[in-house]
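Here is my note on the model you sent. The points below go chain by chain and then turn to the places where the chains meet.

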Amino acid sequence: MDFVQIQNLAYIGASILFILGIKMLGKADTARKGNRLSSIGMLIAVVATVVGQASRGELHWGMVLAGLVLGGGIGLVSARKVAMTGMPELVALFNGFGGLGSLLVGWAEVAGVIKIDGFTGVAVWATILIGGITFTGSMVAWAKLAEKIGGSAVTFSGQKVLNAALFVGLLVCGGLWISTGSPGLLYAVIALSLVLGVMAVIPIGGGDMPVVIALLNSCSGLAAAAAGFVIANNVLIVAGCLVGTSGLILTVIMCKAMNRTLGNVLFGSFGAANGAGAAVEGEMKALSVEDAFYVLEAARDVVFVPGYGMAVAQAQHVVKELGELLTENGAEVRYAIHPVAGRMPGHMNVLLAEADVAYEQLCEMDDVNATMEMVDVAIVVGANDVVNPAAIEDETSPIYGMPIINVHRAQTVFALKRGKGAGFSGLVNTLFFRDNTRMIYGDAKETISGLANQFKE
Amino acid sequence: MDPSTLILLLFVFTLAGFLGFELIAKVPSQLHTPLMSGSNAISGITVVGAIIATSTMGDSELGRWLGFAALVLATINVVGGYVVTDRMLAMFRKGKK
């Protein structure tokens, strides 16, 4: 058996570990082990590649070592240093890097090549297209999440026409490039792909970010699979395709949690052009922290409903502290988590786990909704659309049909909010005008710690 | 690339695609982020292509440097993705007690 065969055997081993790893990542008990298994698979694939290249005398030791050390160092430091609140941004960045990496691999294969082989040409074209969209799309998502640019949907007339024209341009340039091999056309394909990635994500608003992040994750896998076709390498195809399809499943889960189709998220420009729903009657009733304390002191069943606002205010630690004080006071405390609360899938779970909230207290939407009438106080911490009753009551509302956490059915609702303005999506939240809702204005973190202090006194 | 190689690769791609759809079904929302960042690390498998590109590809100086850039980016993706996922899952375990 020669080195090439051993290398391919090692790739099979790596593929098995990736498959087992992803499967185990889907279950709470085995998730950590699964992640480690898949990292061992990656190590095997890298070592096999390095050894295989070296055995053929085709390894550029210096550059490969430098690249691995440099990339590994940057990856390690950023992964260690990032705060859990910065998680969505980091995931977006890593996504983008993976996509750009695949694009560059595709480009490298044909750099300096004049005569392009037809199949390889198509594979390179697909790699650049998917990798480019993943890269700039993730960068725009990152910029929106990190608030480097406005998070709301950016739309203009003719947007869809422009995107269609970009795609046609990609097809034309790609076809011409494959037949002529002219580098200028290749650069045009790269440039158009990068522009398309930007155009695809800017019309998508912040509230839809969980879907976008999940989808970009799927794309980064597909880009790697396409790169696998370029260099005729099975392990790239298997691993990339697994990520692509399992990422798609997560994307679909996110879409279902918003009762929308993927097409609607991507092309619907939610909240920008749609109607604003019916007018609301009633007024918002404010409540002071002191008065809120008296209500909470008597409460026996309390549910926290966290949203993106909790992440912004970094209020997860004080929320947990208040939760403990309420428990000591004899109340049952739960945390109701909507699947699309926050800016990435599972965002709220990550934050609350960081604050050391017990796993049993984190409840899925359906479980809490079943007993909502028994809840004395529901505390909405920076959540908005996911608790908006318009989703089930107002057929003209753009979010009509989206499953929500039915806090309006609780005895009393405390809505913690920074100011009186509309939320992120620009929609009026009819919850705030309900008779059983009390608004507590101010920074969520200060409000919660104010409540906690009252309990301590 | 000759057609028989392509067909073999398409064969692998198709099977892996179906496998991916079957692999995870009902994922608790608790695991959405780790599943995403963990599988994201796997998509850094393109590091394999980058190593090959850095070493040999096209035998052009440009191709080599493109490969090197890809190698750095993909390695960030791989190492960062795995480490951050492990960190998160360790946190969940602690919360579970």
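1. Chain A, overall. The secondary structure of chain A amounts to 17 helices and six strands. Its radius of gyration is 25 Å, close to the 23 Å that the globule rule gives for 457 residues, so chain A is as compact as a globular protein of that length. Please keep in mind throughout that this is a predicted model.

2. Chain A, dimensions and burial. The C-alpha trace of chain A spans about 75 × 50 × 30 Å along its principal axes. Of the 457 residues in chain A, 56% are buried. Among the contacts in chain A with a separation of 6 or more, 79% are between residues 24 or more positions apart.

3. Chain A, domains. Chain A is divided into domain 1 (1–81), domain 2 (87–273) and domain 3 (289–456). The centres of domain 1 and domain 2 of chain A, taken over C-alpha atoms, are 24 Å apart. Eight residues from domain 1 of chain A and seven residues from domain 2 of chain A make up the contact. On the domain 1 side, the largest share comes from helix α1 (residues 3–25) of chain A, with six residues. By class, that side of domain 1 of chain A has six nonpolar, two polar and no charged residues.

4. Chain B, overall. Chain B has four helices and zero strands, and from the N terminus on its elements run α-α-α-α. The radius of gyration of chain B is 18 Å, whereas a compact globule of 97 residues would have one near 13 Å. The C-alpha trace of chain B spans about 55 × 30 × 15 Å along its principal axes.

5. Chain B, burial and contacts. Of the 97 residues in chain B, 63% count as buried. Residues 24 or more positions apart provide 65% of the contacts in chain B with a separation of 6 or more.

6. The interface between the chains. How many residues of chain A are in contact with chain B? The count is 100 residues of chain A, in contact with 79 residues of chain B.

7. Helix α4 of chain A against helix α3 of chain B. Helix α4 (residues 87–110) of chain A packs with helix α3 (residues 46–55) of chain B at an angle of about 35 degrees, and their axes are 9 Å apart. The crossing of α4(A) and α3(B) is left-handed. From α4(A) the contact takes A:Gly98, A:Gly101, A:Ser102, A:Val105, A:Ala108 and A:Glu109, and from α3(B) it takes B:Thr46, B:Gly49, B:Ala50 and B:Ala53. The classes in this contact of α4(A) with α3(B) are four nonpolar, five polar and one charged residues.

8. Helix α3 of chain A against helix α3 of chain B. Helix α3 (residues 61–81) of chain A and α3(B) cross at roughly 145 degrees, and their axes come within 9 Å. What is the handedness of the crossing in which α3(A) passes α3(B)? The crossing of α3(A) and α3(B) is right-handed. A:Met63, A:Val64 and A:Gly67 in α3(A) meet B:Ile51, B:Thr54 and B:Ser55 in α3(B). By class, the contact of α3(A) with α3(B) has three nonpolar, three polar and no charged residues.

9. Backbone at A:Glu147. A:Glu147 is not a glycine, yet has a positive phi of about 60 degrees. A:Glu147 is found in the loop between α5 (118–145) and α6 (159–180) of chain A. Is A:Glu147 buried or exposed? There are 11 other C-beta atoms within 10 Å of A:Glu147, and exposed means 12 or fewer, so A:Glu147 is exposed.

10. Backbone at A:Ala232. Phi of A:Ala232 is also positive, near 50 degrees, in a residue other than glycine. A:Ala232 has its place in the loop between α8 (209–230) and α9 (234–257) of chain A. With 17 C-beta neighbours inside 10 Å, A:Ala232 lies between the cut-offs of 12 and 20 and therefore counts as partly exposed.

How values were computed:
Residues numbered from 1 in each chain as written. Chains lettered and ligands numbered in written order. Predicted model: local features only at pLDDT ≥ 70, side-chain atom pairs only at ≥ 80, totals over all residues. Helix = DSSP H or I, 4+ residues; strand = E, 2+ residues; numbered from the N terminus. Rg over C-alpha atoms; globule rule 2.2 N^0.38 Å. Contact = placed C-beta atoms within 7 Å. Axes fitted to C-alpha atoms, helices over the stretch in contact; angles between N-to-C directions. Left-handed = near helix turned anticlockwise from the far one by under 90°. Nonpolar A, V, L, I, M, F, W, Y, C, P; charged D, E, K, R; others polar. Domains from an automatic or database assignment.
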